Every structure is written in C-alpha cells, then in structure tokens.
Amino acid sequence: MPAGHTRQPRQTRLIVSLDTKDSGQAIAWRDATAHASPMVKLGLEFTYAQGLEAVREVAGTRPLFLDLKLHDIPNTVASAIGSLARVRPAMLTIHASGGRAMVAAARRAIDETFAEGERPLLLAVTVLTSLDDDALHETGVESDVADQVVRLGRLAVSAGADGLICSPHEIRLLRAALGDEPVLVVPGIRPAGSAVGDQKRIMTPAQAHAAGADWIVVGRPITRAPDPAAAAAAIAAELSA
Ligand SMILES: O=C(O)c1cc(=O)[nH]c(=O)n1[C@@H]1O[C@H](COP(=O)(O)O)[C@@H](O)[C@H]1O
C-alpha cells in the first residue's frame with residue numbers, strides 16, 4: 001500500500017439465518033428482513049424438515065447461502081455437492097476438519113458441476129462458535145481455539161476453499177495469516193444486551209465489522225425479536241455507522 005494511503009474500511013454485510021422448520025415462517029422472516037439481508041440463509045433445520053425443493057422456493061430469486069456443513073469422506077462430500085447443484089446455491093459450507101482431501105474434493109466437485117460464473121463460494125467452517133478452549137480440548141485437540149482456527153483456515157484455503165466461517169475473535173488472526181482475499185463469514189454475533197444462548201465466542205455487529213468481517217450471520221437475535229424487521233435494520237445500521 002503506498003505511503004499515506006489509508007485502507008478503506010471493509011464493507012460488512014448481514015446475512016439473516018432463517019432457522020425454522022416451517023416454510024411460511026421462513027418466507028415471513030425472509031421478506032421482513034429483505035431490506036437488510038442481501039442473502040437468504042437456510043440450514044440443517046429447514047432442509048431436513050422441508051427438503052431441497054422448499055429450499056429453492058424460499059430462496060426465490062435471491063442468492064442462497066445453503067449451510068449444510070458437509071463433513072464426510074471425500075467421495076461422499078463431492079457426490080453430495082453434485083446433488084445440491086439443482087438448488088443453485090451462492091454459498092455452501094463444509095467442515096475444514098474433514099481434512100485436505102475432503103476440501104479438495106469439494107473444490108473439484110464445484111468446479112466440475114457448476115458453470116463458471118455460477119459456482120457457489122466454498123466456505124469451510126473452522127471451529128464452531130459454540131466451542132471454547134475447554135470444549136475443544138475435550139475433543140482431543142490440544143491447541144487453543146485461536147491456533148486451531150488458523151491451522152484449519154490455512155489448510156482449507158490452500159486446499160481450495162474460497163472462504164472461512166470463524167468467530168469474530170479470530171478475524172484479525174486469519175487476516176494476518178491469510179491476507180484479505182479469503183471471504184470471512186462470521187456467526188457468533190450478539191448485539192449488546194441480546195441473549196447469548198449456546199454461542200461461546202461472540203462479539204457485537206460493530207465489533208465484527210471493525211475486525212474485518214465480510215459477512216456476519218445472525219439468527220435468533222433477529223428471528224426471536226418482537227420485531228424482526230426492526231432488529232435486522234438496527235444491525236444493518238450498526239454495520240454502516
Ligand atoms: O456455519 C454456520 O453458519 C455456523 C458456524 C458456526 O461456527 N456457528 C454458527 O452459529 N453457525 C450458524 O450461524 C447461525 C447462528 O445463529 P444464532 O446463534 O441464532 O445467531 C446458525 O444458523 C448456525 O448454524
């Protein structure tokens with residue numbers, strides 16, 4: 001960067017997570033938050049309850065973040081991505097802890113299945129935001145969360161992931177390790193005063209923006225709010241303040 005040049009703050013956008021079993025509810029939240037969330041995110045709860053046809057219907061003409069967190073042997077993950085092609089996702093998730101061969105197989109499956117220009121971003125979950133150091137150690141991982149996120153982040157990006165899912169606490173570490181290019185999608189977001197629930201590594205929308213998130217993912221603080229449209233608008237305003 002030339003001397004004297006100040007880097008523009010990165011734009012951070014909101015994705016509302018439509019976590020419900022019910023199509024009518026998902027559509028109501030989608031429409032109530034459309035002004036604030038450019039992407040429609042559907043995950044395991046909705047997809048297992050309603051199936052892929054309903055996923056496509058709820059996404060409608062909007063870009064779809066399909067969060068199914070694939071984690072299996074490379075052949076199965078690659079084949080599953082082939083089966084997901086018909087819902088035309090704009091973003092897909094896998095678990096980085098599935099290992100290099102699995103991430104690389106997902107990359108190849110996307111490149112072979114989707115035409116150029118229609119390929120979803122391949123996002124690798126590093127360490128779930130519901131885990132803290134103790135919970136991670138209990139699984140047999142001796143590293144602390146921060147080190148494990150950077151290790152898995154390097155592995156996933158070098159194996160072909162376009163971006164990573166991480167908590168807001170690891171954004172700066174990942175930017176220092178991997179630069180500006182990987183897309184960082186960040187759940188574990190809690191506006192000041194909202195219920196934390198099962199999340200462990202949290203920050204406010206403004207803090208995640210300041211740290212350099214490309215996207216923040218917010219579910220219950222919006223969908224369980226008395227007025228989801230107003231809650232989403234308030235978060236979007238926090239991101240552009
Ligand atoms: O892949 C994800 O989106 C994800 C990864 C992660 O580490 N933590 C995490 O919370 N998520 C998802 O982000 C959303 C967060 O929802 P809330 O905790 O209700 O805001 C849920 O749909 C989670 O499945």
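These legends go with a few close-up views of the structure above. This is a predicted model, where local features need pLDDT of at least 70, side-chain atom pairs count only at pLDDT 80 or more, and totals for chains, interfaces and linings use all residues. Residues are numbered from 1 along each chain as its sequence is written.

**View A. The strands of the barrel.** Eight strands close up in the order E1-E2-E3-E4-E5-E6-E7-E8, with parallel pairing. Strands here are DSSP E runs of at least two residues, helices are H or I runs of at least four, and both are numbered from the N terminus. Two strands pair if DSSP finds at least two bridges between them. E2 (residues 40-43) is joined to E3 by four bridges, and Lys41 has Phe65 of E3 as its bridge partner.

**View B. Around the ligand.** The ligand is surrounded by 19 residues, the closest being Ser17, Thr129, Pro187, Gly219 and Arg220; a residue is near if its C-beta atom, placed from the backbone, lies within 6 Å.

**View C. Where H6 meets H7.** Helix H6 (residues 145-158) packs against helix H7 (residues 171-178) at about 40°, axes 10 Å apart. Axes are lines fitted to C-alpha atoms, for helices over the stretch in contact, and angles run from 0 to 180 degrees between N-to-C directions. On the H6 side, Ala146, Val149, Val150, Gly153, Arg154 and Val157 meet Leu173, Leu174, Ala177 and Leu178 of H7, contact being C-beta atoms, placed from the backbone, within 7 Å.

Notes
Contact = placed C-beta atoms within 7 Å.
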